[in-house]
Amino acid sequence: MASFADDGRAASVGVSNFQPAHLARIIDETGVIPAVNQVEVHPYLTNEAVRAADAGHGIATEAWSPIAQGGVLDDPVIVEVAEAHGVTPAQATLRWHIERGDIVFPKSVTESRIRENFDLFGFSLTPDEVTRISALDRGESGRTGPNPDEFDYIPG
Ligand SMILES: NC(=O)c1ccc[n+]([C@@H]2O[C@H](COP(=O)([O-])OP(=O)(O)OC[C@H]3O[C@@H](n4cnc5c(N)ncnc54)[C@H](OP(=O)(O)O)[C@@H]3O)[C@@H](O)[C@H]2O)c1
């Protein structure tokens with residue numbers, strides 16, 4: 001993949017589900033610093049250690065399942081923050097990611113939701129609101145997907 005970036009076939013290359021040790025290993029063994037690390041991040045799994053490792057290497061964090069597949073949308077804190085700004089819980093959650101500096105790519109097959117999920121730039125959250133949403137972190141129990149340190153299969 002690094003050769004693709006070297007010869008121009010790719011503008012940049014990144015990784016997914018890399019834990020800090022995986023990042024250290026790929027950088028040590030190849031000298032290549034990935035442009036981005038796509039990992040699970042949402043209010044119930046704030047994934048701070050991985051985000052800090054990414055930042056330490058200058059790697060952008062890209063949050064997959066950024067609304068926890070819808071699982072955070074009924075959370076009272078998120079509902080309250082959303083109501084304070086006149087936006088939906090999905091928009092408040094996606095804006096929280098942006099305030100923290102992460103890339104988001106929510107998935108929807110619903111046109112109105114796709115439009116809603118792009119409409120994030122007419123409001124901003126206060127530092128206190130960002131802190132309150134970050135405090136919803138549930139650690140390992142907040143994951144919707146497998147822990148990358150234990151993931152030992154390739155989906156068919
Ligand atoms: N790299 C990896 O290992 C990895 C792992 C998992 C996922 N991903 C990627 O991450 C991306 C997003 O993750 P995801 O699909 O798992 O979860 P997600 O984006 O957090 O949630 C998607 C779910 O939320 C609903 N939704 C979307 N926008 C909404 C809104 N504004 N209001 C209410 N509900 C809304 C969608 O419903 P509808 O579609 O019915 O509208 C869908 O059921 C996908 O492209 C996926 O491929 C990557």
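**Figure 1. Contacts across the whole chain.** Residues 24 or more positions apart account for 63% of the contacts with a separation of 6 or more. Two residues are in contact if their C-beta atoms, placed from the backbone, lie within 7 Å. This is a predicted model: local features need pLDDT of at least 70, side-chain atom pairs count only at pLDDT 80 or more, and totals for chains, interfaces and linings use all residues. Numbering starts from 1 along each chain as its sequence is written. The chain has seven helices and four strands. Both are DSSP runs, numbered from the N terminus: helices are H or I with at least four residues, strands are E with at least two. From the N terminus on, the order is α-β-α-β-α-β-α-α-β-α-α. The radius of gyration, taken over C-alpha atoms, is 17 Å. The C-alpha trace spans about 50 × 35 × 35 Å along its principal axes.

**Figure 2. The open sheet.** Four strands line up in the order E1-E2-E3-E4, with parallel pairing. Two strands pair if DSSP finds at least two bridges between them. Strand E1 (15–16) and strand E4 (103–104) are the edges, and each pairs on one side only. E1 joins strand E2 (residues 36–40) in the parallel sense over two bridges. Val15 stands opposite Asn37 in E2.

**Figure 3. The largest nonpolar core.** This core holds 22 residues. It is a set of buried Ala, Val, Leu, Ile, Met, Phe, Trp, Tyr and Cys residues joined through C-beta atoms within 7 Å. Buried means that 20 or more other C-beta atoms lie within 10 Å of a residue's own, again placed from the backbone. Ile78, Val81, Ala82 and Ala92 touch the most other members. Helix H3 (48–57), helix H4 (76–85) and helix H5 (89–99) each give two or more residues. H5 gives the most, with four. Beyond its neighbours within four places in sequence, Ala92 is in contact with Ile78, Val81, Ala82, His85 and Val87.

Definitions and conventions: A residue is buried if 20 or more other C-beta atoms lie within 10 Å of its own, exposed if 12 or fewer, and partly exposed in between; C-beta atoms are placed from the backbone. The radius of gyration is taken over C-alpha atoms; the globule rule is 2.2 Å times the number of residues to the power 0.38.
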